[in-house]
Protein chains: 4
Amino acid sequence: MSVSTLNVTVWNEFRHEKKPGLIQEIYPQGMHQTIAEFLRADAGLKVRTATLDEPEHGLTEAVLAETDVLLWWGHMAHGEVNDEIVARVKQRVLDGMGLIVLHSGHFSKIFKSLMGTTCNLKWREMGERERLWVIDPSHPIAEGLPEFFEVPHSEMYGERFDIPAPDALVFVSWYQGGNVFRSGCCFSRGRGKIFYFSPGHESYPIYKDANIQRVITNAVFWAAPSNGPKPKFGQEKVPLENVPAE
Amino acid sequence: MSVSTLNVTVWNEFRHEKKPGLIQEIYPQGMHQTIAEFLRADAGLKVRTATLDEPEHGLTEAVLAETDVLLWWGHMAHGEVNDEIVARVKQRVLDGMGLIVLHSGHFSKIFKSLMGTTCNLKWREMGERERLWVIDPSHPIAEGLPEFFEVPHSEMYGERFDIPAPDALVFVSWYQGGNVFRSGCCFSRGRGKIFYFSPGHESYPIYKDANIQRVITNAVFWAAPSNGPKPKFGQEKVPLENVPAE
Amino acid sequence: MSVSTLNVTVWNEFRHEKKPGLIQEIYPQGMHQTIAEFLRADAGLKVRTATLDEPEHGLTEAVLAETDVLLWWGHMAHGEVNDEIVARVKQRVLDGMGLIVLHSGHFSKIFKSLMGTTCNLKWREMGERERLWVIDPSHPIAEGLPEFFEVPHSEMYGERFDIPAPDALVFVSWYQGGNVFRSGCCFSRGRGKIFYFSPGHESYPIYKDANIQRVITNAVFWAAPSNGPKPKFGQEKVPLENVPAE
Amino acid sequence: MSVSTLNVTVWNEFRHEKKPGLIQEIYPQGMHQTIAEFLRADAGLKVRTATLDEPEHGLTEAVLAETDVLLWWGHMAHGEVNDEIVARVKQRVLDGMGLIVLHSGHFSKIFKSLMGTTCNLKWREMGERERLWVIDPSHPIAEGLPEFFEVPHSEMYGERFDIPAPDALVFVSWYQGGNVFRSGCCFSRGRGKIFYFSPGHESYPIYKDANIQRVITNAVFWAAPSNGPKPKFGQEKVPLENVPAE
């Protein structure tokens with residue numbers, strides 16, 4: 001198995017951080033830069049960023065064609081994401097590009113379109129403690145983690161989370177206020193792999209946490225294109241039984 | 001457990017059968033009537049039909065509100081199904097109505113929207129034999145069936161079938177021409193349950209087959225609303241830990 | 001679909017309750033009698049009990065042959081359950097009998113044998129509050145329940161729970177002390193269905209709780225034999241392609 | 001992500017190949033040597049072999065402790081495998097070692113013990129054609145494969161295959177004689193990953209086929225230990241809520 005460099009694109013709505021205030025103080029360059037920075041610490045990753053206000057949201061055909069794994073953070077401007085770009089991203093995921101959806105990205109057009117459900121949930125913002133338990137220690141995304149780890153101040157995301165049952169459930173979160181959440185969920189769609197990871201509220205420095213960084217880095221490698229066969233769809237004219245395999 | 005009557009609506013595009021020819025000869029009243037008829041043989045089911053060319057495609061708010069399980073057959077006119085009606089049906093599925101998608105319904109707007117993938121597949125029309133194997137004999141949809149049964153003349157639907165991995169895989173089909181297909185697939189979405197069943201090409205009298213009828217009848221009972229809790233989504237203001245449960 | 005009466009056998013180790021003290025005060029006739037009693041309130045169920053100290057643990061060939069769904073509560077005497085009886089129960093599960101494993105039954109021979117893993121977990125006994133969240137509102141076991149409900153005093157069972165990923169995850173529990181648990185898990189094995197449900201510590205009157213009773217009653221109906229085909233295993237001498245289906 | 005060399009042990013019963021005849025002609029050094037040889041072609045793998053008739057079947061504590069992924073081929077002598085060695089292998093799988101079970105290994109003690117079911121199936125030996133379809137092109141085990149490939153002469157293994165529903169289904173086989181089979185199945189158990197792959201009958205040179213070799217090589221990398229957390233089981237004395245995470 002040859003291991004080559006993975007091309008990663010970190011997409012961020014990048015609106016919260018442009019306004020003076022707490023969020024900007026935590027992420028003066030934007031969350032995408034913080035995320036890109038810790039990913040770049042891994043020699044196997046080549047990382048670029050893209051944001052909503054760039055032309056084509058920074059997700060041109062050329063950028064996507066070169067992207068192995070795309071990370072997605074959005075919140076206040078989901079509705080401003082162009083439907084054509086959403087369709088383009090979806091096509092790339094179905095064709096093999098990995099997609100990592102972060103926090104409030106649960107309500108992004110791209111995630112809802114790939115899940116087929118509302119992706120709705122409960123939420124509460126009072127800075128309570130979140131504890132993430134590793135439910136599946138056999139999963140590559142759990143590599144190098146402790147049995148559980150904490151986000152000291154988190155926005156609560158709680159069940160019922162209206163998603164299809166994930167193909168693998170890696171994390172379940174406990175919240176101080178009495179809620180639970182499937183906080184790390186894996187899905188396969190088409191030839192692509194998708195990981196949803198819930199921590200990442202903009203008002204807390206969550207992407208600076210070592211365990212969170214570890215999860216996201218692991219997820220990038222897990223979501224890398226598998227290069228399985230590209231299916232040929234449509235009409236078959238000759239019964240295959242009489243045709244030798246390729 | 002009280003067992004009450006289930007309200008079933010059989011929806012059919014009903015276009016093929018309106019043209020003189022082979023299909024009309026097999027299903028002079030339309031496939032929906034044949035399906036409705038065998039379902040009515042079960043005393044626990046109250047069955048109505050609806051078709052594309054009725055006002056609102058026969059799927060008014062009132063009809064859907066009264067429907068426990070909806071069956072869907074469409075093919076040549078998927079594009080004519082109104083997007084608002086599709087959204088209405090989707091909402092009802094997520095709210096608990098069962099949905100049984102038949103044959104070429106794999107390409108219907110409602111199925112693609114609920115799956116989040118292309119739902120594409122291979123196909124070949126030469127009347128070859130299909131043999132359906134029961135993969136999961138523990139599943140209620142397999143009740144009363146033999147280990148395998150055959151459709152003597154079938155349109156081939158073959159893998160790769162571009163759907164999410166089903167929550168349960170009940171049937172896998174073998175085709176004389178060399179293909180296989182996940183022909184009976186269960187999914188949960190929201191509070192609703194979905195069953196996709198591939199046999200049912202319009203040019204063969206497949207819905208008159210006793211095993212096929214058994215599968216569809218079993219599926220209707222399986223897909224009945226579970227009446228699980230209706231989730232409350234959105235903001236929670238008070239930490240639940242300090243609030244007694246209902 | 002004809003709905004006939006289900007034959008249910010409630011099996012209990014019945015040792016804790018024989019000793020004077022708190023447990024006996026809560027369950028003077030044994031937990032099995034409390035469970036049998038609320039199940040009998042459903043007209044569709046015909047319920048008997050069986051306990052460890054009866055001959056063949058009350059699980060003779062004849063009793064098992066007549067049992068549609070078996071409930072299992074054991075704790076201090078797992079090792080005393082005869083291996084032959086375990087093999088007999090396992091055979092019946094694989095042949096279609098439903099099995100509902102309660103609380104400390106996670107460590108029973110029968111459950112470990114069917115799961116293939118250690119079924120180990122974390123536990124803590126300090127009477128803390130447990131809150132069960134419905135994760136899958138489409139599931140029949142969630143019928144009639146609120147979004148979440150509580151056990152005011154519970155023994156904590158916490159992740160990592162060493163089981164295979166369940167085929168459906170119905171409940172996740174939150175514990176006051178900081179743990180989470182997959183507290184309601186569905187599995188199919190052979191032609192049989194298995195439900196593991198964790199609440200039920202002997203020192204608290206948990207089986208007298210209306211929501212708990214509802215879950216167990218729902219689970220009995222869900223686990224009823226599906227009467228899918230009984231597979232024929234072993235050598236096939238003639239290629240089926242040339243043999244008409246049954 | 002650092003990628004280091006994986007230590008692979010290929011275990012073979014090695015009985016068929018010791019008797020003069022067809023099988024010995026195909027695999028004069030034993031199937032394990034053929035398998036070891038193609039795995040060694042990958043620079044990332046360090047491969048050793050072990051066989052039934054070696055002391056401790058070649059699976060000493062030391063060998064297993066150094067093994068990242070174990071391959072298992074057995075058939076006529078399943079009963080001769082020592083129960084203690086089986087328990088030792090199982091413990092290692094639950095602790096993270098990958099396990100790849102080949103062909104007639106479906107009936108090995110280790111596989112049955114990990115699955116919890118009979119692992120029984122249908123079989124027919126007449127050298128018919130098998131066609132393996134890739135069902136999940138997103139899966140790493142499908143890397144570099146065509147949509148389908150063939151084994152020109154194969155022993156038929158057919159459904160019903162009495163296993164738990166796999167966590168991922170990668171291949172489904174079509175057989176000329178009219179059967180289908182879930183021929184490539186992934187499972188997680190404990191911290192370990194298991195892949196069952198059905199082609200590999202001893203009387204045909206199946207392990208010399210390039211696609212088969214590709215699948216097995218891919219599977220070795222997929223099954224590599226994830227190094228997720230090692231769970232701590234048993235009693236917790238202090239409520240975690242008041243204890244900071246590690």
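The model is predicted, so local features need pLDDT of at least 70 and side-chain atom pairs pLDDT 80 or more, while totals for chains, interfaces and linings use all residues. Residues are numbered from 1 along each chain, chains are lettered from A, and side-chain values use heavy atoms, without hydrogens and water.

**Interface of chains D and A**
- In contact (heavy atoms within 4.5 Å) are 41 residues of chain D and 40 residues of chain A.
- About 3300 Å² is buried between chain D and chain A, with 57% from carbon and sulfur atoms; buried area is the accessible area (1.4 Å probe) that two parts lose on being put together, summed over both.

**Aromatic pairs in chain A**
- Over all chains there are 46 aromatic pairs, meaning rings of Phe, Tyr and Trp (its six-membered ring) with centres within 6.5 Å; planes under 30 degrees apart are stacked, over 60 edge-to-face, and the rest tilted.
- A:F111 and A:Y196 are stacked, because their ring centres are 5.4 Å apart and their planes at 25°.
- Both A:F111 and A:Y196 are buried (under 20% relative accessible area; exposed is over 50%, partly exposed in between; 1.4 Å probe, protein chains only).
- A:W133 and A:F148 make a tilted pair, 4.6 Å centre to centre with 40° between the planes.
- A:W133 is buried at 1% relative accessibility, and A:F148 is buried at 7%.
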